[in-house]
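Hi everyone, thanks for coming.

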Amino acid sequence: MVAASPAHHSSGEDQSFISVPRIDMSLDRHLVANRIVKACEDYGFFRLVNHGVPDHIISSMEEEVYDFFSKPACKKQEAGPPSPFGYGCKLIGLNGDMGELEYILLETNPMAISRRSLVMSTDPIKFSDAVTGYLQAMKDLCCKILDHMAQGLQLPDKSLSCLIKDNDNDSCFRVNHYPPFDGNANGNTNNSLNCPLVGFGEHCDPQIITIQRSNNVGGLQIYSKGNHCISVPPHPTEFCVFVGDALQVLTNKKFLSVRHRVLANSSKQSRISMMYFGAPSLAASLSSPFLPRRYKNFTWGEYKKVVYYRRLGDRRLDLFELS
Ligand code: GA4
């Protein structure tokens, strides 16, 4: 279906040998803060180890996810369409973007989760407990990462994490399932890594940061500042952290949001990834304390409206730049 060449990076060869920063969160606080800032400046991306999220929180969440995706298609459709939350298959967003995946998009509010769990699982309490537990762990980790960033950027303590702690925060959660590649997608037997099949097309995440984990199956690629395509090796216990557009604005371009995509034909196993998108409240201003300002004044709600009316791969922030 989406036998695609990279949208904006047709010349960007795969530099798989470049290793992306890997940060050990158990080290000295000052060191971690500086390493996070350096990684965000250089790549807008890093991998996190010793993050302190308990294994049982992750495994309970994964169990629910496997249960859900192994249901028959007609049962899964009952939890859709994802407008804006629920189950989706192949169609991404509202403007015709497609990918070789199925997914669920969920709100992070515990009340909303317990309501939605009624259509997601035959054991709704177990489902909502697993999701709520995982999302609380992600919110805590997100705030911890943002506190390190604030320290490394010499911003006031908690000045970034308070955006996520806000009761009206607009954070959301996504689980993607990329079915195993059988080498014969859509009858195209020529499909190989030379002709990548795009699972989720190239884009930047709009929010502040994204915290992602995947089962031990590859496919994620990020693009470096120099337009090099880097394959990120999968790892069962690490988290990947992505700088999103809102953080690019809040840091006045000290950090750039990272373009990334997922290939669907990189493995014969199915890939599951879970993404927590940390976002402020709709009313929060994204203005940066760093001067001179590179962006107009706007709120997360104003940005989000633009995001959802445009295509996945669009460079949406250009519209908000000051000339
Ligand atoms: C990318 C990041 C998140 O997955 C997401 C996506 C959203 C969607 O799937 O509905 C968008 C995409 C994402 C950015 C551009 C718009 C909106 C699909 C799309 C074409 C949930 C998000 O917040 O933005």
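Q154 isn't a glycine, and its phi is still positive. If you're trying to find Q154 on the screen, look in the loop between α5 and α6 (161-165). And keep in mind that this is a predicted model.

Now step back into α5 itself. How far apart are the end C-alpha atoms of helix α5? Helix α5 has 29 residues, 124-152, and at 1.5 Å a residue it should span 42 Å. The ends are 42 Å apart in the model, so the two values agree.

Okay, α5 also has a partner. When two helices pack, we describe them by the angle between their axes and the distance between the axes. Here the axes of α1 (residues 29-42) and α5 come within 8 Å, and they cross at roughly 85°. That makes α1 roughly perpendicular to α5. Who makes the contact? On the α1 side it's V32, A33, N34, I36, V37 and C40, and on the α5 side it's I145, H148, M149, Q151 and G152. Sorted by class, that contact has seven nonpolar residues, four polar ones and no charged ones.

Next up, the ligand. Which residues come nearest to the ligand? There are 14 around it, and G93, D97, R174, D205 and L312 come nearest. Two elements, β4 (97-107) and α8 (300-308), each supply at least two residues of the shell. This shell does have charged residues: four of them, along with seven nonpolar and three polar.

The peptide bond between G80 and P81 is cis, with omega about -5°. Another cis bond runs from S83 to P84, and omega there is near 0°. P81 sits in the loop between α3 (73-77) and β3 (86-92), and P84 lies in the loop between α3 and β3 too.

Last thing: how far can we trust all this? The protein averages a pLDDT of 91, and 91% of the residues score at least 70. But over residues 187-192 the pLDDT is below 50, and that stretch has nine contacts beyond near neighbours in sequence. Residues 1-12 also stay under 50, with 30 contacts beyond four places in sequence. For the complex, the predictor gives an ipTM of 0.99 and a pTM of 0.93.

That's it from me, thanks!

Terms used. Residues are numbered from 1 along each chain as its sequence is written. This is a predicted model: local features need pLDDT of at least 70, side-chain atom pairs count only at pLDDT 80 or more; totals for chains, interfaces and linings use all residues. Helices (H or I, at least four residues) and strands (E, at least two) are DSSP runs, numbered from the N terminus. The expected span of a helix is 1.5 Å times one less than its number of residues. A residue is near a molecule or strand if its C-beta atom, placed from the backbone, lies within 6 Å of it. Ala, Val, Leu, Ile, Met, Phe, Trp, Tyr, Cys and Pro count as nonpolar, Asp, Glu, Lys and Arg as charged, and the others, Gly among them, as polar. pLDDT is the predictor's confidence in each residue, from 0 to 100. Two residues are in contact if their C-beta atoms, placed from the backbone, lie within 7 Å. Axes are lines fitted to C-alpha atoms, for helices over the stretch in contact, and angles run from 0 to 180 degrees between N-to-C directions. Angles under 35 degrees count as roughly parallel, over 145 as roughly antiparallel, 65 to 115 as roughly perpendicular and the rest as oblique.
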